[in-house]
Amino acid sequence: MYAAGVVDLEGSKKLYGLVQCTRDLSSGNYKTCLDNVISDLRSCCDGREGGSVVGGSCSIRYKTYPFVNA
């Protein structure tokens, strides 16, 4: 299970993102898992043009260039 998207930033810049969860998570636990990796992303990568956090059951990645076909 995954979702990918793009957000327009200032000027012509864009931010590309991808989140993934393993299928073993229940529908209620996936949100908690993503909340945790987003929190970790803020502490490691805040203000950077890219970053990623890989957890046991979910992960998140963002970059200023396309890295996945969505």
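These legends describe close-up views of a predicted model.

**View 1. The Cys33–Cys58 disulfide.** Cys33 and Cys58 are joined by a disulfide, with an S to S distance of 1.8 Å. The link is left-handed, at -100° about the S-S bond. It ties distant parts of the chain: Cys33 lies in helix α1 (residues 29–45) and Cys58 in strand β4, 25 residues apart. Both Cys33 and Cys58 are buried.

**View 2. The Cys44–Cys45 disulfide.** The sulfur atoms of Cys44 and Cys45 are 2.4 Å apart and form a disulfide. This link is left-handed too, at -65° about the S-S bond. Cys44 is partly exposed, at 37% relative accessible area. Cys45 is buried, at 6%. The count comes to 2 disulfides. With the bonded cysteines numbered in sequence order, the pairing reads 1-4, 2-3.

**View 3. Cys21, beside Cys58.** The closest cysteine sulfur to that of Cys21 belongs to Cys58, 4.7 Å away. A disulfide needs sulfur atoms within 2.5 Å, so Cys21 is too far for a bond. Cys21 is buried, with a relative accessible area of 11%.

**View 4. Ser59 in strand β4.** Ser59 belongs to strand β4. Its relative accessibility is 14%, so Ser59 counts as buried. Beyond four places in sequence, Ser59 touches Leu18, Val19, Gln20, Leu34, Val53 and Val54.

**View 5. Lys63, buried without a salt bridge.** Lys63 sits in strand β4 (residues 58–63). Lys63 is buried but has no salt bridge. The nearest side chain of opposite charge is Glu49, 9.7 Å away. Leaving aside neighbours within four places in sequence, Lys63 contacts Lys14, Leu15, Tyr16, Glu49, Gly50 and Gly51.

Definitions and conventions
Residues numbered from 1 in each chain as written. Predicted model: local features only at pLDDT ≥ 70, side-chain atom pairs only at ≥ 80, totals over all residues. Heavy atoms only, no water. Helix = DSSP H or I, 4+ residues; strand = E, 2+ residues; numbered from the N terminus. Buried < 20%, exposed > 50% of the residue type's maximum accessible area, 1.4 Å probe, protein only. Lys, Arg positive; Asp, Glu negative; His and termini not counted. Salt bridge = Lys/Arg side-chain N within 4 Å of Asp/Glu carboxyl O. Contact = heavy atoms within 4.5 Å.
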